[in-house]
Structures are given as structure tokens and as C-alpha cells.
Amino acid sequence: MAALRRGAAIGLIGALLGLAASGCGGRGGPAPSFAAQWDGRGSPFGRVSYPEGLGVDRRGQLVVADTWNDRILCCDDDGNPVAAFGSTGEEKGQFLRPRSITSDQAGYLYIVDTWNQRVQKFSPKGRLRMSFGEKGAPWGYDEAEGKFLYPYGVAVHSEGFIFVSDFNNNRIHKFDSKGKFLYMWGIEGRQDGQFKHPAGLAMDKQDRLYVADLGNNRVQRFTFNGKGEAVFDGKWGEPGTKPGEFDRPYGVCVDEEGNFYVADFGNHRVQCFFPSGKLMYVLGKRGTGEGELDCPLSVAVDAKRAVYVLDWGNNRIQKFVPAS
């Protein structure tokens, strides 16, 4: 695989897989410091071609949606590849541009297989367990239940419910643990509970769902009532370049303390917020050097509060560790 460049800390990809509500660290204070990076374009095992999704699992492994290679990579805490699964195609277990990954409390992986218009569930060892979803109308705004037009994000509730952002239909779908459609909400718009190209999703420990509402340059949060229906619970962000503003937020993750982190794609940075929505810190600026970013798409964290950023424009993953 491509060599890992190490900064202040040894061993790049510490642990990246359990997406939904992984520990993204953050008790206030300065932004974390660059530690290492994993880069290199190509198709050989251990290299990536413009990956778009990543996370940290319960075992502390880094899992990467190697999007243009149509596969999933798993790495140990030294950045060494330990497993890979998937190939290009439309059959079950294959992928066409996988984008987002999350895991449930048992360690199962849920992967948004975007161009195949579905979500696939795998065991921690990469064995297919379930596939659900199908393509909707070609021009979007398909009201059919459980049909997608380029799904993007996925998150899993503590009770097993699965949420999927339907990017071009401007809505969120809810499924049960077996992939059966239950409920959906959202239409195109800027009012509370409406969306314009919802992208990344994340679930916190209180089972509140965060949505990176990309086209509206904001993050929305939802709770759920006794009937399991979504209830708007807050929003943060406006279009712009100032701290707290966004330019196409793609990815979001939440730590164990409820702090949330946003991959601010067009501003070439990651922003971290307290649960109240107050800004904690801004990480990165545009560039190709260590600690600099070019169009970050995804962000995740590990149990040691290290932050991992999918630096898409630079075709690499960077690791940042809390300031000592």
C-alpha cells in the first residue's frame, strides 16, 4: 500500500469503522494536530481511488469506502490493510460507487451502494447479510416507498432502525432491521424538516439523527416520537465562509459526548460543534500539505478522540490527534 507519512504520532489509521456516533473527541480547547496520512491513488490492494466514506468500528479498525475501486478496505491501527471485499458490478455483494459506511452495536457494516440504488449489510468479516432498496424514477421526486435516486448517507438507531438519505429525492427513509420500509419524510425546501440534497447522516447516543443538508448549507437534527416519526429538533449553519457557516457540508459524525463534526467540503475544512451548536474549533484550510485539506467529504473519530478526515481532493485520509 502507499506509505503512511507520520507526524507527531505513530501509526496512521488508528481505528475508523464504527460510524454512527463514534467517539469524535472534544472537551473544548484547541483543534487537534496532524499526526499521519494515508494516500496514493491506484487499484492495488491497500491503495485508494478517490474514496468517499470512512468510519471507525467497535474493534478500532479503519473502514474505507474505496469508491472508484468499488470495494471496501479495512486497515489496522498502523495503516496496514487487513481485509478488502467487493468488486465492480450489480450482483449482491458487488458495488457501483459505494459512498457511506456505518456500523451497528453488533459490528455489522451498512454500506450505501449509491449507483446500484441500495444499501448492503455485511458481517464484520465482509460477508453479505442483507441488501435492500431499489431505483426510483429517473428524474427524482419519486414518491414510491423505499425507492432511491442516489442514496448517500446511512445511520443505525440503537433499536436497529436504519435511516438512509435519498439525495436526489430530498428525503430520508426509515427501515426496520430487516430492510423493510417503514416511513419517510422530507421534501425539497428550506423550512424546518425540508431538505435540498441531504448527504451524510449520524446518530448520537440519544438516538437523535443528524443530517448534513448539503444544498441548504446546514445541519439538521431530529428526534422521534412514540410513533417513530421524525420531529425537528434543531438546525445549524448558513451559506458562507465564516466559522459556523458552510459551503456544501457532506459528512457529519457525532462523538460520545454529543459533539458533532462536519466535513465542510467547499470551505476545505472540518468544523466541530458542542451539542448546543456552539462552535468548538475549525480544522484545516485549503492546500496539499500536512494538515491541509482539499474538498473533505467525510469525517470520523476513534475511542482515543483522534479525528480522521477523508481528504477527497488530495486522495488521502488524514489523522489528527488531540493537543497534549
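I started with the nonpolar cores, taking a core as buried Ala, Val, Leu, Ile, Met, Phe, Trp, Tyr and Cys residues joined through side-chain atoms within 4.5 Å. The largest one has 15 residues, and Trp-38, Leu-54, Leu-62, Val-64, Leu-73 and Ile-317 are those with the most contacts inside it. Strands S2 (33–39), S3 (53–56), S4 (62–66), S5 (71–75), S26 (307–311) and S27 (316–321) each give this core at least two residues. I then found a second, separate core of 14 residues, with Val-270, Cys-272, Leu-283 and Phe-320 among them.

A note on the source: this is a predicted model, where local features need pLDDT of at least 70 and side-chain atom pairs pLDDT 80 or more, while totals for chains, interfaces and linings use all residues. Residues are numbered from 1 along each chain as its sequence is written, and side-chain values use heavy atoms, without hydrogens and water.

Next came secondary structure, read as DSSP runs numbered from the N terminus (helices H or I, at least four residues; strands E, at least two). I got zero helices and 27 strands.

How much of the chain is buried (under 20% relative accessible area, 1.4 Å probe, protein chains only)? I noted 62% of the 324 residues.

Last, I looked at contacts (heavy atoms within 4.5 Å). Of those with a separation of 6 or more, 52% join residues 24 or more positions apart.

Technical notes:
Buried < 20%, exposed > 50% of the residue type's maximum accessible area, 1.4 Å probe, protein only.
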